Amino acid sequence: MSTAPLAGAAPARPAISFFERYLSLWVALCIVVGIALGHALPGLFGAIASAEVARVNLPVAVLIWLMIVPMLLKIDFGALGSVRQHWRGVGVTLFINWAVKPFSMALLGTMFIGWLFAPLLPAGEISSYIAGLILLAAAPCTAMVFVWSNLCDGEPNYTLSQVALNDLIMVFAFAPLVGLLLGVAAITVPWDTLLLSVVLYIVAPVIAAQLLRRRVLAAGGQPVLDRVLARLGPISLVALLATLILLFGFQGEAIIAQPLVIALLAVPILIQVYFNAGLAYWLSRRFGVAWCVAAPAALIGASNFFELAVAAAISLFGLKSGAALATVVGVLVEVPVMLTVVAIVKRTRGWYEKGVTV
């Protein structure tokens, strides 16, 4: 999952680790552990919940940074210079990520959570669930995309440049887009908290990661950066799982009382992933994009930056909110679903290439 220090140089192709491959299993275990600890140690979780400054929970903020910074450290913004080489694939993915996916999720969330499943859900949490789904779809994936692209033999320079471009756009577009969609969904937008979340969880980590990246590369080049990334990678995943234990520690009673909530929240997420992956793949074929670019384009178009979604949901709506729970469901389903997308694009390569006119 490392990236190259210079634009145009292909990043290394790492294999998915055992820990990453079974991430959904670890997430499921964290659900059980979190619920059990929340029930057994309510005082401890109450103390953690009260450690807030300006509606930002400090223990969770530290964990989020430990999640995000190692992932952003892999991004080389110098790779933006190679965007022109794959402009059609980049155009397809940008269209899906910023013009289709957030809006389709708002529609699906409103249709399924706000209407079809509403009688089965807590009435007071429905708008919060929809908000969490919107947050999940509003941020394109940053880190795991390198794994998905590697598994389907995707073009590494395209993947690197696309992720770098999405991260740059996210700095400026995430807050306005989320504000617009939450407003359309008739959810009050706490703009001060939303902007604080963008600064705290996007702008500041991007700056910190790029400064650290430059310092490491200057000190020892790509081999040293690869070693640093190898050491930080497990920390990032452990921080993610620790955050989930906290979330489910607070959500435990609600989950036990409403066991169908997670399954119902997963429905629009699943539909959204397959719809956006399929649309990106089909558009790439129509526009003559080479398969080695179309495959990661479909994966980037479908996957979400769930770490940012979790952080924003906690800041905007609180640790115990339905929004936070909805983003956690996104974590639970992402890995197995994306692995099926990888399998689909690999098995359809012959069909795809027969219909492409480059």
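This is a predicted model: local features need pLDDT of at least 70, side-chain atom pairs count only at pLDDT 80 or more; totals for chains, interfaces and linings use all residues.
Trp351 touches Tyr281 and Arg285, leaving out residues up to four places away in sequence. The chain has 14 helices and 2 strands, and buried residues make up 57% of its 358 residues.

**Around Trp351**
- Trp351 belongs to helix α14, which covers residues 349–354.
- Is Trp351 buried, partly exposed or exposed? Trp351 is partly exposed because its relative accessible area is 44%, and the cut-offs are under 20% for buried and over 50% for exposed.
- Trp351 and Arg285 sit 66 residues apart in sequence, and their C-alpha atoms are 9.9 Å apart in space.

**Helix α10 and what follows**
- Helix α10 takes in residues 260–286, which makes 27 residues.
- From first C-alpha to last, α10 reaches 40 Å, close to the 39 Å expected at 1.5 Å a residue.
- After α10 comes Gly288, with a positive phi near 70 degrees.

**The chain as a whole**
- Take the contacts in the chain with a separation of 6 or more: 86% of them are accounted for by residues 24 or more positions apart.
- The largest nonpolar core holds 122 residues.
- Which members of that core touch the most other members? They are Ile113, Phe174 and Leu244.
- Setting aside neighbours within four places in sequence, Ile113 has quite a list of contacts: Leu108, Ala118, Leu121, Ile126, Tyr129, Ile130, Leu133, Leu264, Leu265 and Pro268.

**Helices α6 and α12**
- A pair of packed helices is described by the angle between the axes and the distance between them.
- Here the pair is α6 (residues 126–137) and α12 (residues 306–317), packed at an angle of about 145 degrees with axes 8 Å apart.
- The crossing of α6 past α12 is right-handed.
- Which residues meet where α6 and α12 come together? On the α6 side they are Ser128, Ala131, Leu135 and Leu136, while α12 brings Phe306, Ala309, Ala312, Ala313, Leu316 and Phe317.
- Sorted by class, this contact of α6 with α12 has 9 nonpolar residues, 1 polar residue and no charged ones.

**Two spots on helix α9**
- Helix α9 runs over residues 191–257, and Ile245 has its place there.
- Ile245 counts as partly exposed, because its relative accessibility is 22% and buried would need a value under 20%.
- Not counting residues up to four places away in sequence, Ile245 touches Cys30, Val33, Gly34, Leu37 and Phe45.
- Ala239 is buried, because its relative accessible area is 3% and the cut-off for buried is under 20%.
- Beyond neighbours within four places in sequence, Ala239 is in contact with Leu63, Leu66 and Met67.
- How many residues apart in sequence are Ala239 and Leu66? They are 173 residues apart, with 6.0 Å between their C-alpha atoms.

- Asp153 is in the loop between α7 (144–151) and α8 (156–184).
- Although Asp153 is not a glycine, its phi is positive, at about 55 degrees.
- Asp153 is partly exposed, with a relative accessible area of 46%.
- Gly183 has its place in helix α8.
- At 42% relative accessibility, Gly183 counts as partly exposed.
- Gly183 and Ala131 are 52 residues apart along the chain, and 9.9 Å separates their C-alpha atoms. Ala131 is one of the α6 residues that meet α12.

Note on methods: Residues are numbered from 1 along each chain as its sequence is written. Side-chain values use heavy atoms; hydrogens and water are left out. Axes are lines fitted to C-alpha atoms, for helices over the stretch in contact, and angles run from 0 to 180 degrees between N-to-C directions. Helices (H or I, at least four residues) and strands (E, at least two) are DSSP runs, numbered from the N terminus. A crossing is left-handed if the near helix is turned anticlockwise from the far one by less than a right angle, and right-handed if clockwise. Contact means heavy atoms within 4.5 Å. Ala, Val, Leu, Ile, Met, Phe, Trp, Tyr, Cys and Pro count as nonpolar, Asp, Glu, Lys and Arg as charged, and the others, Gly among them, as polar. A nonpolar core is a set of buried Ala, Val, Leu, Ile, Met, Phe, Trp, Tyr and Cys residues joined through side-chain atoms within 4.5 Å. Buried means under 20% relative accessible area, exposed over 50%, partly exposed in between (1.4 Å probe, protein chains only). The expected span of a helix is 1.5 Å times one less than its number of residues.
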